[in-house]
Amino acid sequence: MAALVAGTPWMRIRVIPEFAPPFIFRRHFRRNFSVRASIDSDAPVRVRFAPSPTGNLHVGGARTALFNYLFARSKGGKFVLRIEDTDLERSTRESEEAVLRDLAWLGLDWDEGPGVGGDYGPYRQSERNAMYKQYAEKLLESGHVYRCFCSNEELEKMKEIAELKKLPPVYSGKWATAADGEVEEELAKGTPYTYRFRVPKEGSLKINDLIRGEVSWKLDTLGDFVIMRSNGQPVYNFCVTVDDATMAISHVIRAEEHLPNTLRQALIYKALGFPMPSFAHVSLILAPDRSKLSKRHGATSVGQYRDMGYLPQAMVNYLALLGWGDGTENEFFTIDQLVEKFSIGRVNKSGAVFDSTKLRWMNGQHLRAIPFEELSQLIGERWKSTGLLTESEGPFVEV
């Protein structure tokens, strides 16, 4: 059975067994279903890059932003920038400004987002709390979510028992079937509570990842999960789902470390009656020793490479080749050529190794392609920024 969700013409959701979303969970209901999403090729393409402003822009994040940018431009779509700053303790405006500066330096101009605006704002999660609360209440009313009054001590005890039994550390469901009177009693006492999502106890969920092919999860490994904390703050997976749905994001292109999040997000999409976007999970960037690239391997942020004198066009060219190729031996591309040739179908599943020697070679290739006058100006600006020159009027270097 295929159901077309009203108001969102680009997405079909196939549901097994045959009932169409949204539906209301009730006690003793046999919760067993599987969903599969496919995208309508005639739909407008809208992608997003959603950095967390808790530090500098890592080269892995820059590569993800680039793939989103290239996909949007190659399809005549929109590239949206959204700031995911719900981590209030670690998020800073200074980090946000640094990320925006690095993206602008790379030439990845966004169509909607901070400093640009757009019809789907605001574009900072910290400014969208009212919307999250609205959708959380909707889920509570429909029965997809319930109030959980368990204390931290109770939750820790549940985790310990699960470990002893060698079971996944999932929530026991204590408040999932509580009587209305019990809930009202806790509310009257002012007991703190979270909002937990009811996860079906049987069945599976499948997606067709544009890079990895079919990916599936069994629902009985998840357990009921929190979408709103007791302090009223929304949880990451809930925010992301609401944001992507209300911003009409058609394709989610992100790092493979987010693949496990897809299960929770897909359940929320279904419960709210939203269509799911197409997903594409990009492999991680690895260090030469095949471990995850980190600071111990040297420079890892875009800002560091900018300060070291690398050209933005060389960084863009090199990052594009980390997991993608056009099928030829050519490795030298301008950003316009990348837009013309980019295809998500040619992104590799396996991790790409970050080779600083190859990056230096790539930078040299782009330096040689710059006209002499422009190169002279770049060198002069570099010398001034590093303090080697205090004046730069008159002729520069001629050989």
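Trainee: Which residues are buried in H9?

Mentor: Pro 312, Ala 314, Met 315, Val 316, Asn 317, Tyr 318, Leu 319 and Ala 320. Buried means under 20% relative accessible area, exposed is over 50%, and partly exposed lies in between, with a 1.4 Å probe and protein chains only. This is a predicted model, in which local features need pLDDT of at least 70, side-chain atom pairs count only at pLDDT 80 or more, and totals for chains, interfaces and linings use all residues. Residues are numbered from 1 along each chain as its sequence is written, and side-chain values use heavy atoms, with hydrogens and water left out.

Trainee: Why is H9 called largely enclosed by the rest of the structure?

Mentor: Because eight of the nine residues of helix H9 (residues 312–320) are buried. Helices (H or I, at least four residues) and strands (E, at least two) are DSSP runs, numbered from the N terminus.

Trainee: What do the buried residues of H9 pack against?

Mentor: Helices H1 (59–74), H2 (93–106), H8 (302–307), H10 (335–341) and H11 (356–369), plus strand S14 (352–353). Contact means heavy atoms within 4.5 Å.

Trainee: And how many helices and strands are there in the protein?

Mentor: The protein has 12 helices and 14 strands. Of its 399 residues, 47% count as buried. Among contacts with a separation of 6 or more, 74% come from residues 24 or more positions apart.

Trainee: Switching to rings. How many aromatic pairs are there?

Mentor: The count is 12 aromatic pairs. One of them is Tyr 193 with Tyr 195, stacked at 5.8 Å centre to centre and 15 degrees between the planes. The rule takes rings of Phe, Tyr and Trp (its six-membered ring) with centres within 6.5 Å; planes under 30 degrees apart are stacked, over 60 edge-to-face, and the rest tilted.

Trainee: Are those two tyrosines buried or exposed?

Mentor: One of each kind, roughly: Tyr 195 is buried at 7% relative accessibility, whereas Tyr 193 is partly exposed at 27%.

Trainee: Which residues form an aromatic cluster?

Mentor: Phe 67, Trp 324, Phe 333 and Phe 342 form one.

Trainee: Which ring does Arg 46 lie over?

Mentor: Arg 46 lies over the face of Tyr 120, 4.1 Å from the ring centre. Arg 264 has its charged end over the ring of Phe 225, at 5.6 Å from the centre. The test is NZ of Lys or CZ of Arg within 6 Å of the ring centre and within 35 degrees of the ring normal.

Trainee: Where is Trp 383 found?

Mentor: In helix H12 (residues 372–385). Trp 383 is partly exposed, with a relative accessible area of 34%.
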